[in-house]
Amino acid sequence: MLSPERLALPDYEYLAQRHVLTYMEDAVCQLLENKEDISQYGIARFFTEYFNSVCQGTHILFREFSFIQATPHNRASFLRAFWRCFRTVGKNGDLLTMREYHCLLQLLCPDFPLELTQKAARIVLMDDAMDCLMSFSDFLFAFQIQFYYSEFLESVAAIYQDLLSGKNPNTVIVPTSSSGQHRQRPTSGEASMLEGVEAPLFYQCLENLCDRHKYSCPPPALVKEVLSNVQRLTFYGFLVALSKHHGINQALGALPDKGDLMHDPALDEELERLLAQIPGLVNSVTAGPEASCLPARTPPRVGSPWRPLHHARKVDAESDGSTEETDESET
């Protein structure tokens with residue numbers, strides 16, 4: 001049965017909204033690149049497995065960054081894969097640096113840009129040095145906002161800068177490589193930047209912006225809710241509020257609530273089943289004090305159908321030996 005959304009849209013608009021052409025083009029490219037292997041199984045089976053992987057969200061594993069960010073579904077799938085593969089970092093209470101989180105991202109996407117990881121870390125660290133340690137949950141929710149809404153945040157940053165300089169907030173902002181989040185952070189002596197901008201005026205500008213970014217911005221009602229609680233705010237204060245907002249996380253739908261972040265019963269059950277098939281491994285795992293954490297340190301690597309996995313990387317499953325326990329911190 002067709003959904004109300006499907007019935008309300010013409011065919012071409014519905015296909016464009018779901019980015020069907022993007023997946024068809026990618027499937028055909030993979031078909032041509034691997035036609036000798038695929039000929040043994042048949043084209044029909046290839047397309048079935050390809051679109052099954054799209055539905056399951058595994059199609060983005062080990063793919064190039066341009067494909068990972070190509071559609072909202074790809075971005076949500078990548079966020080979910082990153083969480084599931086590396087949630088043991090949070091379960092163990094480990095704190096990592098920005099560079100270390102970037103290495104984890106590159107295990108799933110070899111050409112993942114460092115700049116995007118730096119922007120996500122800045123939401124957590126604010127004025128602290130970029131080599132400071134961060135908890136997994138803090139980084140993950142900040143990364144979710146920065147990665148999924150990256151184009152929207154570029155425009156928000158440009159609007160924020162213009163409001164600080166007293167420009168007309170109704171002017172259409174077109175961010176460039178030298179604007180927005182690419183601009184240098186202010187020094188401590190710039191009082192106007194530290195004070196931020198008026199929240200009501202900021203929201204008026206963002207309301208118009210949300211109308212232009214229909215598929216890549218937080219729900220306007222939730223943005224209004226975030227801004228209604230303060231009189232003035234800074235740009236990074238706004239990003240922190242977005243990353244911590246329960247409703248925005250639910251609307252995006254890629255990650256569980258923070259309280260459930262370390263729980264994934266389906267994956268745990270599958271890992272236990274796989275470990276049980278390896279002779280001699282179960283006893284050594286159950287005998288150790290960190291038995292419950294070991295399986296998630298070696299996540300299964302499942303590539304897209306027929307896609308050769310270039311730039312393969314091995315995940316180091318060895319612990320750093322630290323016995324220090326840390327609590328998840330709120331930034």
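Predicted model: local features only at pLDDT ≥ 70, side-chain atom pairs only at ≥ 80, totals over all residues.

**Entry 1: a surface patch**

Areas come from the Shrake-Rupley method with a 1.4 Å probe, and for residues only the protein chains shown count as cover. A salt bridge is a side-chain nitrogen of Lys or Arg within 4 Å of a carboxyl oxygen of Asp or Glu.

I looked up Val 28 in particular and found it in helix α3, residues 20–33. Helices here are DSSP runs (H or I, at least four residues), as are strands (E, at least two), numbered from the N terminus. Val 28 counts as partly exposed because its relative accessibility is 36%. The cut-offs are under 20% relative accessible area for buried and over 50% for exposed, with partly exposed in between (1.4 Å probe, protein chains only).

**Entry 2: what I am looking at**

Residues are numbered from 1 along each chain as its sequence is written, and side-chain values use heavy atoms, with hydrogens and water left out.

Then I noted the totals. The chain has 19 helices and 4 strands. Of its 331 residues, 43% count as buried. The chain exposes about 17800 Å², and carbon and sulfur atoms supply 54% of that.

**Entry 3: aromatic rings**

How many aromatic pairs are there? I count rings of Phe, Tyr and Trp (its six-membered ring) as paired if their centres lie within 6.5 Å; planes under 30 degrees apart are stacked, over 60 edge-to-face, and the rest tilted. By this rule the count comes to 21 aromatic pairs. Phe 139 and Phe 143 are a stacked pair, because their ring centres are 5.7 Å apart and their planes lie at 15°. These two Phe residues are 4 residues apart in helix α11 (residues 136–148), so about one helical turn separates Phe 139 from Phe 143. Phe 139 and Phe 143 are both buried.

Tyr 148 and Tyr 149 make an edge-to-face pair, because their centres are 5.0 Å apart and their planes are at 85°. Tyr 148 is buried at 13% relative accessibility, and Tyr 149 is buried at 3%.

I also found one aromatic cluster whose members include Phe 65, Tyr 101, Phe 139 and Phe 143. Elsewhere, the charged end of Arg 63 sits over the ring of Phe 67, 4.0 Å from the ring centre. That label needs NZ of Lys or CZ of Arg within 6 Å of the ring centre and within 35 degrees of the ring normal.

**Entry 4: salt bridges**

My search of the whole structure gave 8 salt bridges. One of them joins the side chains of Arg 45 and Glu 49, at 2.9 Å from N to O. Both lie in helix α5 (residues 43–56), 4 residues apart, about one turn of the helix. Arg 45 is partly exposed at 41%, and Glu 49 is partly exposed at 30%.

Lys 119 bridges to Glu 154, with the closest N and O atoms 2.6 Å apart. Lys 119 is in helix α10 (residues 114–125) and Glu 154 in helix α12 (residues 150–164), so the pair ties together parts that are 35 residues apart in sequence. Lys 119 and Glu 154 are both buried.

Lys 167 and Asp 162 form a salt bridge at 3.6 Å, N to O. Asp 26, Arg 63 and Glu 64 are linked in a network of salt bridges.

**Entry 5: contacts inside**

Leu 209 is in helix α14 (residues 199–212) and is buried, at 0% relative accessibility. Beyond neighbours within four places in sequence, Leu 209 is in contact (heavy atoms within 4.5 Å) with Phe 152, Ser 155, Val 156 and Ile 159.
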